Amino acid sequence: MTALEASRHSRPVRINALLVAGAVILALVALAAVFAPLLSAWPPTRIDHLSFLEPPGPGHLFGTDSNGMDVYSRVLHAARIDLGVAVAAVALAVTVGTLVGLIVGYIGGWADELTMRGLDVVQAFPVFILALTVVAFLGNSIPTLVLAIGLINAPPYARMMRAEVRSLREHIFVEAAECAGNSRTSIMFRHLLPNALTPILVIAPLNCGWAILMLAGLSFVGLGVTVPQAEWGAMISAGAADIVGGRWWTTIFPGTALFITVLGFNLVGEGLQQITGRRR
Amino acid sequence: MTPLLDIADLSVAIDGADGTVRALEKVALRVDAGEVVGLVGESGGGKSMIARTIVRLLPERSRVTGSVTLDGRDVLGLRDDDLRDHRGGGAALCFQAPRASLNPTRTVGRQVVDRLLAHDQATPEDARQRTVGLFTEVGLRDPDRQFDRFPHELSGGMCQRVMIALALACRPRLFIADEPTTGLDVTLTGEILKLIAAQAVPGERGVLIISHDLAAIARVCDRIAVLESGRMVETGPTVQVLGAPSHPYTRKLIAAVPDIARVREAMASPATANGDPVLSVSNLDVVYRARFGRHGLRAISDVSFNLHAGETLAIVGESGSGKSTLSRAIMGLLRPTAGRIVFEGTDLAHLARRDIRDLRKRMQMVFQDPIDALNPRMSVEQIVSDPLRLVKMPAHERRPRIEAALSEVGLEPKFLGRHRHELSGGQAQRVGIARALVLDPAMVVLDEPTSALDVTIQAQILDLIRQLTRRRDRAYIMVSHDLATVRALCDRVIVIADGRIAEQGETESLFTRPSSPVTEALLAAAPRLSPEALSMKKDAHVP
């Protein structure tokens with residue numbers, strides 16, 4: 001029995017505390033991203049020539065960085081890039097991975113063998129090194145970052161989807177669908193896909209957390225988003241030198257924002273897993 | 001004489017999230033040593049709950065009242081070591097689904113040895129020898145070789161024998177077999193039941209057989225107990241319960257058994273018997289290719305037959321005989337190695353997948369597992385309308401078509417929005433049949449349409465099929481392992497064994513004058529409840 005079917009068997013959906021907590025966090029971060037210009041007095045890239053590395057105070061809530069930019073405004077605006085890139089990259093990964101897994105899982109044979117061995121090769125490289133290489137080749141614009149992070153995260157989805165489809169296609173309803181005159185495409189998309197999607201949708205939010213960390217990591221080593229654009233990883237990287245001088249605010253605030261956002265994604269993922277897992 | 005097993009006033013209530021379920025209500029049951037007692041009833045009636053109470057394997061949150069005594073010992077009060085002894089040498093339960101109950105990572109011999117050693121029934125030195133002895137006792141051929149094999153290397157019948165050996169390992173006083181014949185075909189069912197019944201030894205051991213299949217176990221049981229929704233509605237000697245049932249539920253169970261003596265009612269013979277056949281299969285071979293140059297498995301060899309419009313044809317054989325392969329080849333679900341399958345003038349044996357799709361407007365199939373044949377994410381409406389996608393049809397014409405198909409199988413429109421988990425097995429099979437009928441095909445293949453259902457539901461579905469076949473405008477192929485179910489339904493029968501046609505002919509002449517030993521064996525194995533059949537019961541005790 002699939003998890004989704006099991007979930008329909010159960011009593012009215014019990015609200016999961018982790019899921020709610022995660023969703024609230026993510027909603028707040030998303031609101032902060034959308035209304036960033038309204039929430040901050042300073043534009044994120046405007047330089048305050050009177051204050052460099054000023055500690056948090058009434059003028060600049062989170063202080064200013066070594067370029068004289070307002071840390072509070074930058075932390076809010078960075079949420080736009082971080083959330084946007086992460087969600088877009090994971091959406092890309094889910095789409096590509098699901099399609100590949102669905103098709104090779106259903107067709108099987110040498111296409112399946114070949115694809116799986118190809119994925120083996122890709123997955124043999126450490127993920128971060130792979131991302132570095134791709135970005136180094138394609139340049140570090142936002143679209144290439146989405147592409148790099150998305151494609152690198154796709155293989156696990158392809159594997160998961162393939163495994164689901166391979167077990168699903170042994171069910172009689174697939175044979176029944178063929179007898180009812182469905183084409184291969186229609187069997188894949190109308191009959192197999194809806195039954196195979198649950199585990200993918202549970203993993204996706206967790207993956208968004210990893211995607212943000214990867215983006216921040218790339219920015220930290222200078223291959224992601226660069227100053228003056230506001231991005232948490234880049235901000236931490238730029239502020240790293242300030243810590244030695246006791247100027248903690250340039251790194252702590254973006255770091256905390258990063259932590260809270262990843263926590264939100266993880267809570268949502270964990271919550272979804274509990275809901276579907278408990279009823280399995 | 002005090003009975004071996006004495007259950008009195010047993011009630012079991014289980015606290016679940018949805019409230020308390022009263023699984024058993026004031027049940028009384030007695031089994032003497034040397035006696036074979038059959039416990040029958042439909043699934044969900046609480047039969048397995050009784051077995052689980054006797055071996056104390058109830059769910060955690062169950063409340064038990066009443067008394068269970070085995071050999072003078074109060075079973076419900078047993079603890080720790082006493083309970084362990086009870087489960088080994090007291091009452092041994094042989095679980096249903098033998099293959100799933102065996103550990104797939106250990107050889108079957110090791111599993112019996114484990115049991116022997118755990119209960120100090122053998123020393124490490126003689127354990128293997130004892131196990132081989134047990135395997136011989138339960139009729140496993142070549143027991144020494146089976147010892148080192150894994151469950152997946154054995155057939156269903158062999159796994160069941162291993163399970164029986166496991167249960168017998170500690171020489172229990174009471175042997176309980178829970179649905180021992182589910183998944184076995186008719187001839188094997190008879191053998192296994194005889195083996196189980198033979199374990200009853202006067203003064204030593206009693207046997208309790210739990211089954212939903214009254215007809216199958218009646219032959220080997222001394223007494224029958226009938227359970228309905230947790231209540232014991234009737235107990236008595238087999239002949240009395242079957243001959244003069246006192247409770248309506250018992251009568252319903254008996255009436256549901258397909259009667260092999262029931263002849264097909266007189267009907268106008270199919271109008272077009274001399275016209276062109278709807279389906280013509282000639283010299284069909286199906287060989288499953290094996291990897292790496294090993295010999296392929298020849299599933300079907302040299303099968304030829306014709307099917308005319310309005311005719312109902314039965315394909316009968318034991319499991320593994322190739323009948324499912326044959327029906328799948330006819331439906332174009334697998335490609336034959338050689339031969340022709342001509343459906344309405346088109347040979348689909350060599351047709352591209354895309355072109356076979358066109359033929360599906362005219363030929364449809366109903367499957368053995370009614371629940372699994374329905375997509376869990378789709379509503380009944382979506383499922384039944386699935387084949388309609390093959391024809392161009394305006395949206396407003398679909399709904400009436402679907403409702404008409406549902407009413408043809410006896411389902412009201414309120415089922416349209418339901419999903420498969422909201423359907424019973426019988427309702428699910430009706431939906432499956434509706435899906436096959438919605439396009440009004442010329443031929444429908446019914447692959448064991450009732451073998452996964454409870455007996456009373458089986459009877460209802462067979463009735464439905466009988467009504468459908470009475471309309472003489474469509475050809476049906478009914479695949480079955482059970483001759484009794486096809487006699488009253490089919491015009492002609494093909495008996496298939498080892499992938500070949502062993503015999504084919506008009507139903508009545510085949511039943512009255514079988515010419516092949518395969519047919520004779522199938523006829524002999526078919527369950528029947530007539531008095532003469534029951535008088536055979538006594539010799540069943542001889543192993």
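**Entry 1: a pair in chain B**

I began with B:Asp148, which is partly exposed at a relative accessible area of 44%; here buried means under 20% relative accessible area, exposed over 50%, and partly exposed in between (1.4 Å probe, protein chains only). I note that this is a predicted model, where local features need pLDDT of at least 70, side-chain atom pairs count only at pLDDT 80 or more, and totals for chains, interfaces and linings use all residues. Residues are numbered from 1 along each chain as its sequence is written, chains are lettered from A and ligands numbered from 1 in the order in which they are written, and side-chain values use heavy atoms, with hydrogens and water left out.

I looked up the partner of B:Asp148 and found a salt bridge with B:Arg128, at 3.3 Å from N to O. The term stands for a side-chain nitrogen of Lys or Arg within 4 Å of a carboxyl oxygen of Asp or Glu. B:Arg128 sits in helix H5 (residues 127–137) of chain B and B:Asp148 in the loop between helix H6 (143–146) and helix H7 (156–168) of chain B, so the pair ties together parts that are 20 residues apart in sequence. Helices (H or I, at least four residues) and strands (E, at least two) are DSSP runs, numbered from the N terminus. B:Arg128 is partly exposed, with 33% relative accessibility.

**Entry 2: other salt bridges**

I noted a total of 42 salt bridges over all chains. One of them pairs B:Asp358 with B:Lys361, with the closest N and O atoms 4.0 Å apart. B:Asp358 is partly exposed at 46% relative accessibility, and B:Lys361 is partly exposed at 28%.

**Entry 3: where chain B meets chain A**

How many residues does each chain bring to the contact? I recorded 29 residues from chain B and 24 residues from chain A, where contact means heavy atoms within 4.5 Å. The area buried between the two chains is about 2,500 Å², and carbon and sulfur atoms give 50% of that. Buried area is the accessible area (1.4 Å probe) that two parts lose on being put together, summed over both. On the chain B side, B:Arg353, B:Arg377 and B:His421 supply 27% of the area buried against chain A, more than any other three residues.

I then looked for polar pairs across this interface and found 15 residue pairs in polar contact, both residues at pLDDT 80 or more. A polar contact is a pair of N or O atoms within 3.5 Å; within protein, one must be able to donate a hydrogen and the other to accept it, and residues adjacent in sequence count only if both atoms are side-chain atoms. Helix H13 (353–359) and strand E16 (363–366) of chain B each supply at least two residues of the chain B side. E16(B) gives the most, with three residues. That side divides into twelve nonpolar, five polar and twelve charged residues. Ala, Val, Leu, Ile, Met, Phe, Trp, Tyr, Cys and Pro count as nonpolar, Asp, Glu, Lys and Arg as charged, and the others, Gly among them, as polar.

The interface of chain B and chain A has four salt bridges. In one of these, B:Arg353 pairs with A:Glu178, the closest N and O atoms being 3.6 Å apart. Another joins A:Arg190 to B:Asp386, at 2.7 Å between the closest N and O atoms. A:Arg190 lies in helix H9 (residues 184–196) of chain A and B:Asp386 in the loop between helix H14 (380–385) and helix H15 (395–408) of chain B, so the pair joins two chains.

Is B:Asp386 buried or exposed? I found B:Asp386 buried, with a relative accessible area of 2%, while A:Arg190 is partly exposed at 26%.

**Entry 4: the domains of chain B**

Chain B is divided into domain 1 (5–256) and domain 2 (310–334 + 349–533), with bounds from an automatic or database domain assignment. Their C-alpha centres lie 33 Å apart. The contact takes 16 residues from domain 1 and 15 residues from domain 2.

I recorded about 1,500 Å² of buried area between these domains, of which carbon and sulfur atoms give 62%. In domain 1, B:Asp185, B:Val186 and B:Arg219 lose the most area to domain 2, together 37% of what that side buries. Helix H8 (186–197), helix H9 (214–218) and helix H11 (248–256) of chain B are the elements that give two or more residues to the domain 1 side. H11(B) gives the most, with four residues.
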